[in-house]
Amino acid sequence: MNNIVKQKEPLVTHIYTADPSAHVFDGKIYIYPSHDLDQVQISNDNGDQYNMEDYHILSLDDTNSPCIDHGEALHLKDIPWASKQLWAPDAVYKNGTYYLFFPARDKDEIFRIGVATSSNPAGPFKAEENYIPGSFSIDPAVLMDDDNRSYVYFGGLWGGQLEKWQTGTFKADAEGPAVTAPALGPRVAELNEDMLTFKESPEEISIVDEDGNPLLAGDEDRRYFEGPWVHKYNGNYYLSYSTGSTHYIVYAMSKNPKGPYTFKGKILDPVIGWTTHHSIVQFQDKWYLFYHDSSLSGGSDNKRCVKFTELKYNEDGTIQKIEL
Ligand code: FUB
């Protein structure tokens, strides 16, 4: 891993940022990242080093403009149900309101997903009193489909606690599946019209190989780990995600927003730092991959920086692997 030769420039260098979810609102690119604290932390598999307390929203007028930091948009102290760890967020617009979806640990240290609202894409955002009923784990990503139906994709292994929800209720000591068993998939739930509640219980998404067989838990180069993102291009749904322990961004395709998704390949090789996390967005006539690495801090896992680069498709709709 960590075999990047050329580095793109960080979008901002005055704060550490990670987990960029990019969207075009009002003709500009808005980026909803995590805000990494400038703290020395020992890394562990529970993710305790990611101890974030607030969100700052960034924007670009266009891809050559300076990046604007709009300041603190939401702080942990103003989220009644949350106790710590504001991890990777995402945002969506509907009927005059911007909805910020974000994970945090509740007072029992269980990761849940909350919503906060604003009339401005840059915030400030006001959090709902409680997390979304029936929500769990981390890394919400919202797709607003062409038919105006909205879906939240979420879930992460290890510190993200997805293993603990295999029975539908939280089991603190649950282990992941055996390496020869199907891997755990991300979850998806359609949102109600209010954008604040799930219309249904979350469903597990199946990711299969070219023969239609589920990816196995031991297939760490391809199986789902965390950081889901779903976008649509030429009528196909693309589910992209991090493979976690092998540090790739990979993708799978489907004709249905809930899958099953067929694995296609890699988008991005490992970057500097343990985590890799991305989003994919169209701006004007080009597509972009927003991602992070730990280059700004010289490699500290918990002090990352957000970057972007162009993403291209092949004629058959597959995505060209990015060489940075
Ligand atoms: O930023 C904290 C966590 O690290 C995110 O939720 C994961 O996707 C990983 O990037």
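M195 is buried, at 1% relative accessibility (buried means under 20% relative accessible area, exposed over 50% and partly exposed in between, with a 1.4 Å probe and protein chains only). The model is predicted, so that local features require pLDDT of at least 70 and side-chain atom pairs pLDDT 80 or more, whereas totals for chains, interfaces and linings use all residues. Residues are numbered from 1 along each chain as its sequence is written, and side-chain values use heavy atoms, with hydrogens and water left out.

M195 has a positive phi, near 65°, in a residue other than glycine. M195 is located in the loop between strand 12 (187–190) and strand 13 (203–204); strands (E, at least two residues) are DSSP runs numbered from the N terminus. A positive phi, near 70°, is also found for E109, likewise a residue other than glycine. E109 belongs to the loop between strand 7 (97–106) and strand 8, and is partly exposed, with a relative accessible area of 39%.

Two cis peptide bonds were examined. The bond from G123 to P124 is cis, with omega near 5°, and P124 lies in the loop between strand 8 (111–118) and strand 9 (126–127). The bond from G259 to P260 is cis, with omega near 5°; P260 is placed in the loop between strand 17 (249–254) and strand 18 (261–268).

An N or O atom in the D139 side chain lies 2.5 Å from a ligand oxygen. For H277, a polar side-chain atom is 2.7 Å from an oxygen atom of the ligand, and for R304 the corresponding distance is 2.8 Å. Of the 270 Å² of accessible area that the ligand has on its own, the protein covers 99% (Shrake-Rupley method, 1.4 Å probe).

S34, in strand 2 (residues 28–36), is buried at a relative accessible area of 0%. A polar atom of the S34 side chain lies 3.4 Å from the backbone nitrogen of A88.

How values were computed
Polar contact = N/O pair within 3.5 Å; in protein donor to acceptor, adjacent residues only side chain to side chain. Helix = DSSP H or I, 4+ residues; strand = E, 2+ residues; numbered from the N terminus.
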